[in-house]
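This report walks through selected features of the structure shown here, from its overall division to individual residues. Please keep the sequence and the 3D view open while reading.

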Amino acid sequence: MSNDNLLPSGLPRIESLEMRGIVKKFPGVLANDHVDFDVKAGEIHALLGENGAGKSTLMKILYGLYHPEEGGIYLNGRPITINSPTDSLNHGIGMIHQHFMLVDNLTVAENVALGLKSSREPRLDLDVVSARVRELADKYGLRVDPDTVISKMAVGERQRVEIVKALYRGAALLVLDEPTAVLTPQEVDDLFVIFRQMAADGHALIFISHKLDEIFALTDRVTVLRDGRVTGAVLTSETNKNKLANMMVGREVSLTRERPSVTPGKARLKLENVSAVNEDGQPVLININLVVRSGEIVGVAGVSGNGQRPLAEAIAGLQRVGNGRVLMDDQDVTNLAPAQMFDAGLAYIPEERMHDGVIKDFSVAENFILQDHVRPPFAKGIFLNFKQIAAHAQELINAFSIKTPSRETLVKNLSGGNIQKLILARELARQPRVIIAAQPTRGVDIGATEYIHAQLLKQRSAGLATLLISEDLDEVKALSDRIVVLFGGEIMGELSHEEATPEKLGLLMAGEREIEKMIYTFDKGR
Amino acid sequence: MNFEIILHAGLATGTILLFAGIGEIFAERAGILNLGVEGMMLLGAMAGFSISLTTQNVWLGLVVAILAGGILSLAHGLVTIHFQADQVVSGLSLTFLGTGLALVFGKGLTGQTPPLIPSFDIPGLAAIPFIGPVFFANHSLLVYVGYFFAPLAWYYINRTRPGMHLRAVGEKPSAADTMGVNVYRLRYFYVFVGGCLAGLAGATISLAVSPGWYSDQTTSGQGWIAIGLVIFAQWNPLKAALGGYLFGALRRGILDLQGPALLFGLANPLYINSNFSFFLKMTPYILTILALVLGSRAAIKKRLGAPAALGVPYIRGERGL
Ligand SMILES: Nc1ncnc2c1ncn2[C@@H]1O[C@H](COP(=O)(O)OP(=O)(O)OP(=O)(O)O)[C@@H](O)[C@H]1O
Ligand SMILES: [Mg+2]
């Protein structure tokens with residue numbers, strides 16, 4: 001074999017990998033319907049589609065986590081069988097999953113060594129592993145320390161560990177299932193450098209993302225899935241955003257947002273000098289002052305982990321407020337229980353939707369009445385009124401076009417975008433006066449994102465006071481009337497919709513308060 | 001009240017908890033809670049005793065005891081790993097099954113005297129003052145084995161490659177699976193190991209430290225204490241061994257407290273009215289109940305370092321994991 005066929009790691013390249021006629025059914029869903037897909041060495045191939053289109057399913061089949069009902073996989077033209085991840089790893093296929101696949105209480109090196117024989121069986125050879133990890137990290141400019149325990153790492157670092165894990169095994173073909181969903185723009189740029197280098201070295205890459213900008217920045221080819229079927233396969237250079245959106249959703253999708261002008265009304269939500277500490281006694285919120293008025297969307301920008309979650313939870317009654325007051329309609333609601341907050345007119349779209357937003361083993365209908373199942377019309381004494389519950393569920397499913405096989409389907413089987421729509425529908429149906437929307441479109445496809453944004457803007461016109469917490473700057477910028485930036489639990493500054501440029505936001509997000517003050521006085525002086 | 005005697009007895013009876021507790025640690029570290037320890041222990045105690053009696057070969061008895069516990073545990077494995085059923089329910093049933101089997105097959109064993117596992121002094125070491133008589137004199141072979149077993153188990157779990165796989169499987173099975181670790185096989189294996197050790201713990205009672213067959217009084221709830229001990233020990237074999245010895249010494253100490261009429265120069269209430277000692281005898285069980293109640297609270301479990309996937313069946317490819 002000539003050297004051309006080898007990767008820098010010495011493993012053979014995967015010249016081509018083909019999936020032909022893949023069919024995969026789940027109860028009530030045809031997740032993959034005769035899907036054809038292929039990828040070549042040196043290529044970055046995007047897999048695009050709405051939530052629930054079947055992207056992860058197709059990739060899990062390739063990785064041996066699911067078995068297809070029909071169809072075959074061909075490696076360099078020869079059919080192969082993949083029954084488990086062990087098989088796919090042996091063929092040189094690696095995968096970075098949509099959710100982290102890391103053992104939290106193990107170190108980076110231990111996570112990397114998982115599943116491999118040690119050179120000193122049965123003892124561990126972590127020093128050998130660490131050395132090799134450092135080598136790889138150097139080669140690809142990945143900042144990871146092999147001896148750090150995963151639980152101490154931020155999400156960006158964890159994503160780099162996932163990549164090291166794959167590189168360590170060789171990964172002639174690397175599947176990347178939404179690797180950028182939780183990363184900051186800077187981290188995404190850094191990753192893309194690595195992906196490009198891998199492709200240049202002869203790896204084959206499959207890239208999944210809902211962000212069209214990323215597709216155009218990184219990939220060579222795009223395959224689009226809709227409802228489990230391939231609706232298009234094109235060269236990235238020969239298409240554009242609108243065409244791709246159209247292939248994904250099957251209709252025109254507006255990629256820009258209309259913000260009608262609304263005159264803000266009275267102050268609905270007020271935070272006065274709010275401070276809070278976490279379980280370990282570390283301050284997570286410092287002297288937060290914030291007002292959200294009726295008919296106004298206030299955006300909270302910032303790099304994740306700078307107090308966004310405590311802020312949302314302090315208002316929702318899930319995080320104890322140490323100092324200061326939270327007011328709703330001038331009533332002191334500091335440290336009320338979540339149920340009392342909901343009764344006071346608060347709606348909450350939590351950041352961890354699977355964990356805090358729904359009960360994943362409950363049905364869609366049951367998840368619609370999580371707050372209101374104790375009172376009429378859903379309850380009569382201790383009895384539930386199933387007819388009302390069903391009618392209510394059907395109404396919301398229709399009104400918000402939630403894609404689900406039935407209202408009795410367990411929520412864990414819905415796609416991420418549809419779970420998010422479910423939460424939004426439930427919260428808005430309660431006719432709240434204030435809504436906290438934390439990362440409302442993270443991991444959500446463009447069609448659902450458009451829908452969620454439209455709903456938030458519609459409610460704004462109807463007088464809802466919205467606190468929008470998001471790491472997606474485009475989203476914050478597109479929707480918000482005012483933007484505050486959190487850094488280290490403090491508000492670094494506030495910008496109006498007009499003055500919020502990416503540069504100014506970027507500086508504030510990096511904690512540069514002084515510069516903000518300069519800009520502020522400068523603007524005022526003008 | 002003689003400390004030497006109490007500590008000596010503590011090491012002997014503590015060995016029972018040591019084996020059973022470490023066995024449960026293996027199973028739980030792999031993510032499978034097995035509440036059937038009491039049943040597996042009793043079956044092991046009966047099987048070892050019975051085989052040793054009929055074959056007059058104590059070693060054969062020991063092997064059969066170990067296998068009896070192991071094989072019974074596979075029923076739990078099948079139900080919880082293969083059929084992904086609730087581990088608490090299955091474990092409780094296992095206790096009933098094991099206890100039932102042991103009592104049926106153990107009929108008529110009471111009062112019999114099979115060959116036992118030998119006890120002996122360690123030459124040389126036994127002569128050291130205080131240390132010698134406590135640690136190295138007149139102990140069953142199994143007690144000496146226990147001295148090595150706990151550190152070995154610790155080393156295996158924390159320092160070897162298979163041990164790391166074990167930890168990963170109990171902590172985040174999906175991560176282990178996607179790295180090519182066979183989660184199902186490992187879980188079966190460690191449930192089996194846990195069962196074997198529970199069987200060994202049973203034999204430690206009936207063939208070594210308090211020989212005899214006294215139907216369900218043979219184990220008298222020590223299987224449950226072992227489960228509580230795992231929580232006290234924070235899933236660490238070394239701490240489990242220490243805890244086991246401590247419990248053992250506590251039990252013996254409570255017995256001995258009833259002996260003297262005077263305690264520290266005062267009238268001994270336990271001597272005057274033996275009913276008081278019932279309450280003292282309850283302490284290990286009360287502590288166990290406390291540990292189980294506290295240990296079942298998610299927040300406390302997390303702080304103590306419980307394996308994150310303990311009690312959760314693994315289903316490959318399930319969403320939202
Ligand atoms: N284990 C499962 N059991 C039942 N249904 C499932 C399962 N996994 C996926 N599905 C269903 O199959 C369909 C495809 O899901 P898949 O996860 O592949 O979507 P996706 O394209 O990756 O979406 P997203 O962008 O939200 O990640 C969805 O309708 C989903 O509800
Ligand atoms: Mg997916």
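## Model and domains

The model is predicted, and every value below should be read with that in mind.

## The antiparallel sheet of chain A

In chain A, four strands make up an open sheet with the order 2-1-4-5 and antiparallel pairing. The edges are held by strand 2 (29–40) and strand 5 (78–80) of chain A, each of which has a single partner strand, so one side of each has no neighbour in the sheet. On average, and ignoring direction, neighbouring strands of this sheet are turned by 30 degrees against each other. As background, the strands of a sheet pair through backbone hydrogen bonds, in either a parallel or an antiparallel manner.

Within this sheet, strand 1 of chain A and strand 4 of chain A run antiparallel and are joined by five bridges, with M19(A) having I73(A) in strand 4 of chain A as its bridge partner. Strand 4 (residues 70–75) of chain A also pairs with strand 5 of chain A, again in the antiparallel sense, over three bridges, and here L75(A) has R78(A) in strand 5 of chain A as its bridge partner. The hairpin formed by strand 4 and strand 5 of chain A has two residues between the strands, and in this hairpin N76(A) adopts a positive phi near 50 degrees.

## Helix 1 and the magnesium site

Helix 1 of chain A lies across strand 1 (16–26), strand 2 and strand 4 of chain A, and runs at about 115 degrees to strand 1 of chain A.

The magnesium ion (ligand 2) is coordinated by the OG atom of S56(A) and the OE1 atom of Q98(A), at 2.0 to 2.2 Å. Because S56(A) belongs to helix 1 (residues 55–62) of chain A while Q98(A) sits in the loop between strand 6 (93–96) and helix 3 (108–113) of chain A, the pair ties together parts that are 42 residues apart in sequence. With a relative accessibility of 16%, S56(A) counts as buried, whereas Q98(A), at 35%, counts as partly exposed.

## The largest nonpolar core

The largest nonpolar core has 128 residues, among which F195(A) and F26(B) touch the most other members. Its largest share, twelve residues, is contributed by helix 9 (residues 183–209) of chain B, and at least three residues come from each of domain 1 and domain 2 of chain A.

If neighbours within four places in sequence are left aside, F195(A) is in contact with I44(A), I163(A), L176(A), P179(A), L205(A), F207(A) and L218(A).

## A buried loop serine

S294(A) is located in the loop between strand 12 (283–293) and strand 13 (296–301) of chain A. Its relative accessible area is 13%, so S294(A) is buried.

Apart from neighbours within four places in sequence, the contacts of S294(A) are P264(A), G265(A), K266(A), R268(A), G463(A), L464(A) and A465(A).

How values were computed
Residues are numbered from 1 along each chain as its sequence is written. Chains are lettered from A and ligands numbered from 1 in the order in which they are written. This is a predicted model: local features need pLDDT of at least 70, side-chain atom pairs count only at pLDDT 80 or more; totals for chains, interfaces and linings use all residues. Side-chain values use heavy atoms; hydrogens and water are left out. Donors are N, O and S atoms within 2.8 Å of the metal (3.2 Å for Na, K and Ca); water is not among the atoms, so sites may look incomplete. Buried means under 20% relative accessible area, exposed over 50%, partly exposed in between (1.4 Å probe, protein chains only). Two strands pair if DSSP finds at least two bridges between them. Axes are lines fitted to C-alpha atoms, for helices over the stretch in contact, and angles run from 0 to 180 degrees between N-to-C directions. Contact means heavy atoms within 4.5 Å. A nonpolar core is a set of buried Ala, Val, Leu, Ile, Met, Phe, Trp, Tyr and Cys residues joined through side-chain atoms within 4.5 Å. Domain bounds come from an automatic or database domain assignment.
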